[in-house]
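Reader: I'd like to go through some of the labels used for this structure and ask what stands behind each one. Shall we take a look together?

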Amino acid sequence: MLESSPGLSVPDRTWVGLGWRQPHYEAVLAQRPPLAFLEVHSENFFAQGGAALAVLTQARAHYPVSLHGVGLSLGSAVGLDGWHLDQLAALVQRIDPVRVSDHASFARGRSVAAPGAIVHAADLLPIPFNAESLDVLCANVQQVQDRLQRRFMVENLSSYVSWPAQANEPVVGEPDFLSALARRTGCALLVDVNNLYVNALNAQINGLAGDPVQHCQRWLDAITPADVAEIHLAGHCHVAADPRDEAGSAIVMDDHGSRVCAEVWQIYQHALRRFGPVPTLIEWDTDIPPLAVLLDEIAKAQALIAGLKGGAT
Amino acid sequence: MSALAAQQQALLDALLAWPKDNAIEKIAIGASKTGARGLKAYQSNGHALAERALKAAYPVVTQLLGAQSLGALARAFWHAQPPRCGDLAQWGDGLPAFLAASAQLAQEPYLADVARVEWALHTIASAADQAADPASFVLLMTQDPAELRLVLAPGCQVLASAWPVASLMSAHLNGRPSLAEAGQRLRPAVAETALVWRAGLRPAVREARAGEAAFLAAVLAGQALAQALNSAPALDFNDWLAPAVQTQLLLGVVRFEPTGKMPDHDTPTH
């Protein structure tokens, strides 16, 4: 029997949304394909006015909008940027999004080159899974929720470096870490299935035994279904080793530049069986194809949800 | 500093300081095969973002330098002045000064001023919207100019330069004048004042006409129309008015409040 989804509000017609990027602004507004929601990067609409905000406002008249941030730096030990939070709060107020999210990552810290200054790496850098890091993440997520006066979603990363555990520090797995975050703050989790698989493939390159798909399924099994409010699906790429470069190991990159691979669909089906129907997003950010390709991926995800025993239609 | 803050600062330094061969050793996360490659991936991603951000904000500087040089410039600028916030559209304000201080670009002294105009265009693209109030123009016929104030388009700015910045911008953005004609103005260093504003949702730039820079500076300072006209005797207001309305540079007219504080956003009334 399916466990119930927390099910934030989405239209009945479908559960699957589109990561809406500039090349498809015009086509989506003109064609208005049936989509559960549009998801945009919040920072692209941090404006008081202008063309970008006008486009998003126009889209909001036809679709629920999910705001997905990449720059809050929720795991930063130096805290959040008040300006950034102000911009997000203003955008939330204006758009009334169906969901708001960012990542369990950091990018913000003190500059070494310019003491006293703050820098932001404009990337999703990993945080260690330990008690101190959890305290910082919880405090920052709570600050966001207090400001926005709504439940926030936090996404798991694909990360290309990992922090070794400190001496005398208990080893905490990522799902336990994120579950503790959800329990302590009441936030929801945005589970990126492709990120799980990318991490599992890189772990395999680094010598982890076992089937990467099964690693991902076990990760999902450790998550409480009620914590999950959205799933992300995307493509990734395999970068071959560079024998001329000492640091040129093979690596798998979460580039959002291709169709969802068969293994990620398989892991997604496992997630659906465990979590029930969950709002799901197709993301494509590199070499963005025609809208029809994205709609085809969306149809696949929708079919898997519809195929669940007792699933939504 | 907490252990977590120290870890994070070390990784940020490895990514944002000038590239170091031994960066991976510094942050002790290179134990895995993919760790060193991963650090490189983050560095490469930063450089790609830098290039993309500068190309978006500075399309004319990009054309003037060429894509390859712009890429090298973006990487140098990324490490010299890393982003300070999580909205990459805010990064790049320091580029004009960075260009002006560059010994390598000393032979292209106009680039910094072109960049200043481009940054103004970039920032006004996200300025607060303001609707035109055509009905308010009747006040120009019925009221004393000393009792009126003009409402200009969002983000309107005048930028004076010792170089033909407006011609260079227009030549690269819309082909008028031609690149050859703009180049002819460059060699003798014809000084121009660029006027930037937002025509509806579209950022626009042109050369300020005679007296217009002083006039608009006075209007932007909150002066009454009569005062602004007095400060710009070279401006033919009747000749300026219709095109200014047509191009959405002038949005409306409001009654002048001599003692009132300037509002953040004007609301034309009539």
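Author: Gladly! A strand here is a DSSP run of E with at least two residues, numbered from the N terminus. In this predicted model, A:R110 lies in strand β5 of chain A, residues 106–110.

Reader: Why is A:R110 called partly exposed?

Author: A residue is buried with 20 or more other C-beta atoms within 10 Å and exposed with 12 or fewer. A:R110 has 18 such neighbours, so it counts as partly exposed. Leaving out residues up to four places away in sequence, A:R110 touches A:V78, A:I118 and B:Q9.

Reader: What makes α6(A) oblique to α8(A)?

Author: Helix α6 (residues 193–205) and helix α8 (residues 262–275) of chain A pack at about 125°, with their axes 9 Å apart. Angles of 65 to 115 degrees count as roughly perpendicular and those over 145 as roughly antiparallel, so α6(A) is oblique to α8(A). The crossing of these two helices is right-handed. On the α6(A) side, the contact is made by A:V193, A:N194, A:L196 and A:Y197. By class, the contact has 7 nonpolar, 1 polar and 1 charged residues.

Reader: In the open sheet of chain B, which are the edge strands?

Author: Three strands form that sheet in the order β2-β3-β4, with antiparallel pairing. The edge strands are β2 (157–161) and β4 (202–207), as each pairs on one side only.

Reader: How do you know that β3(B) and β4(B) pair?

Author: Pairing needs at least two bridges found by DSSP. Strand β3 (residues 192–199) and β4 of chain B have 6 bridges, in the antiparallel sense.

Definitions and conventions:
Residues numbered from 1 in each chain as written. Chains lettered and ligands numbered in written order. Predicted model: local features only at pLDDT ≥ 70, side-chain atom pairs only at ≥ 80, totals over all residues. Axes fitted to C-alpha atoms, helices over the stretch in contact; angles between N-to-C directions. Helix = DSSP H or I, 4+ residues; strand = E, 2+ residues; numbered from the N terminus. Parallel < 35°, antiparallel > 145°, perpendicular 65-115°, else oblique. Left-handed = near helix turned anticlockwise from the far one by under 90°. Contact = placed C-beta atoms within 7 Å. Nonpolar A, V, L, I, M, F, W, Y, C, P; charged D, E, K, R; others polar.
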